[in-house]
Amino acid sequence: MSSTLSALTALAAVPNPGRGAPDELEGQVNLVLGILAWAGTAAGVAGVLVTGAMMAISHKRGEASEHMSRLGTVLAGCVLVSVAGPVIAFVFQ
């Protein structure tokens, strides 16, 4: 009986930090996530431009290549970057 009482006493002493992050940490995390989102968008645009340029050069040379699969991969990456924030917000709210 005393072990149960001591376990309950120890359990009652555990602090509950809550769900929200401290304000100063939240601002820094939002800054880093904003920079990463910007970088992901810039990388996606650069990927589409590079793939398009490679397609044009190959077409001019008369070469057939697998550029459509590369373009699909780049566009799939763009979709992942675009939906990352809303998906995480939906899961954790």
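## Pocket lining

Six nonpolar, two polar and one charged residues line the largest pocket. The model is predicted. The lining consists of Ala21, Leu25, Glu26, Val29, Asn30, Leu33, Gly85, Ile88 and Ala89. Two elements, H2 and helix H3 (67-92), each give two or more residues to this lining. H2 gives the most, with five residues.

The volume of the largest pocket is about 330 Å³. How is such empty space found? Rolling a probe the size of a water molecule over the atoms shows where space is left.

## Overall fold

The protein has three helices and zero strands. Along the sequence, the pattern reads α-α-α.

Of the 93 residues in the protein, 9% are buried. The protein exposes about 7800 Å². Carbon and sulfur atoms supply 71% of that area.

## Thr51

Thr51 sits in helix H2, which spans residues 23-61. Is Thr51 buried or exposed? Its relative accessibility is 2%. The cut-off for buried is under 20%, so Thr51 counts as buried.

What lies around Thr51? A polar atom of the Thr51 side chain is 2.8 Å from the backbone oxygen of Gly47. Leaving aside neighbours within four places in sequence, Thr51 is in contact with His67, Arg70, Leu71 and Val74.

Note on methods
Residues numbered from 1 in each chain as written. Predicted model: local features only at pLDDT ≥ 70, side-chain atom pairs only at ≥ 80, totals over all residues. Heavy atoms only, no water. Helix = DSSP H or I, 4+ residues; strand = E, 2+ residues; numbered from the N terminus. Buried < 20%, exposed > 50% of the residue type's maximum accessible area, 1.4 Å probe, protein only. Polar contact = N/O pair within 3.5 Å; in protein donor to acceptor, adjacent residues only side chain to side chain. Contact = heavy atoms within 4.5 Å. 1 Å grid on protein atoms, 1.4 Å probe; cavity = no way out; pocket = protein on both sides within 12 Å on 5 of 7 lines; lining within 4 Å. Points joined across faces, edges and corners; volume = space filled by probe spheres on them. Nonpolar A, V, L, I, M, F, W, Y, C, P; charged D, E, K, R; others polar. Areas by Shrake-Rupley, 256 points an atom, 1.4 Å probe, with all protein chains shown as cover.
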